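Here is a short report on one protein model. It looks at a pair of helices, then at one helix and its surroundings, then at a single residue.

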Amino acid sequence: MPITKAVEFNMLPKSLSIADAFQLAKDCGFEQIECPTTPDEAKADEMLAASKKSGLRIHSVMNQAHWSSPLSSPDPAVVEKSLEGMRTSLNNAKLWGSDTVLLVPAVVNPEVSYAQAWERSQRQIRKLIPIAQESKIVIGIEEVWNKFLLSPLEFASYIDSFESPYVKAYFDVGNVAINGYPQDWIRVLGKRIVKLHIKDFKFERNVASWVSLKEGQIDWHAVYASLQAIGYRGTATVELPGGDGDYLKEVNRRFEQILNGE
């Protein structure tokens with residue numbers, strides 16, 4: 001299978017120790033894991049030990065500060081908090097041997113216009129590129145429901161404007177399904193895509209909901225064809241509600257079907 005299967009650490013049972021959670025993920029068939037920003041050094045070391053013991057590589061860090069403290073904020077203190085969160089995430093990635101940090105770049109709201117979100121987030125991300133470059137860690141920009149980067153052409157333009165191999169797209173298949181077709185976005189973004197998030201989505205009677213894999217309205221065969229067309233060979237991380245071992249094994253089974261084009 002050319003695409004590697006990963007799971008979100010936060011999907012694993014909270015009742016388990018970090019070591020046991022990693023082992024469960026491995027036992028359920030996942031090959032890698034994505035972990036959240038971990039400022040506590042002892043806990044970060046514990047995650048590294050669990051990764052080594054289970055053989056489950058931490059491929060990416062899910063940055064945490066970008067929603068509550070966005071880079072697009074007009075408040076310098078909020079922006080600094082966001083930058084500090086990214087610096088912590090990049091340090092985690094270096095410790096764990098990860099090659100990507102996921103970043104939500106900006107949030108558009110009544111106080112922050114689209115143009116301001118674009119300009120401010122780009123200015124701040126440029127400050128982070130030298131750190132990323134030194135550690136050889138890619139900043140993966142994710143499109144989310146933040147009223148920003150609303151088309152594949154725009155997302156591609158945003159990534160290209162950095163002119164850096166250390167800023168790429170962390171493409172979330174489910175997040176674009178409300179107003180577009182993920183298979184179309186994949187072909188437009190092409191080699192800009194460094195990692196994938198996988199979840200399914202349904203929109204009925206003006207109500208949006210996340211559903212189990214293969215139970216929504218995403219055309220997974222078309223997604224698979226687009227990934228084949230661009231020659232994607234990276235990691236895909238499933239991002240769903242958490243559950244126990246039986247649940248995770250079923251998630252892995254469906255995930256495998258998707259990645260095999262079944």
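Helices (H or I, at least four residues) and strands (E, at least two) are DSSP runs, numbered from the N terminus. Just after α7, G231 takes a positive phi of about 70°. The model is predicted: local features need pLDDT of at least 70, side-chain atom pairs count only at pLDDT 80 or more, and totals for chains, interfaces and linings use all residues. Residues are numbered from 1 along each chain as its sequence is written, and side-chain values use heavy atoms, without hydrogens and water.

Helix α7 spans residues 220–230. Its buried residues (under 20% relative accessible area, 1.4 Å probe, protein chains only) are W220, A222, V223, S226, L227 and I230. They lie on the same side of α7, because they cover an arc of only 160° around the axis; the arc is taken from the directions from the helix axis to the C-beta atoms. These buried residues pack against α6, β7, β8 and α8, where contact means heavy atoms within 4.5 Å.

| Partner of α7 | Residues |
|---|---|
| α6 | 182–189 |
| β7 | 193–198 |
| β8 | 200–204 |
| α8 | 245–259 |

At the start of α7, a side-chain oxygen of D219 comes to within 3.3 Å of the backbone nitrogen of H221.

T237 sits in strand β10 (residues 235–238). T237 is buried, at a relative accessible area of 0%. Its side chain makes a polar contact of 2.8 Å with that of H59. A polar contact is a pair of N or O atoms within 3.5 Å; within protein, one must be able to donate a hydrogen and the other to accept it, and residues adjacent in sequence count only if both atoms are side-chain atoms.

Definitions and conventions
Buried < 20%, exposed > 50% of the residue type's maximum accessible area, 1.4 Å probe, protein only.
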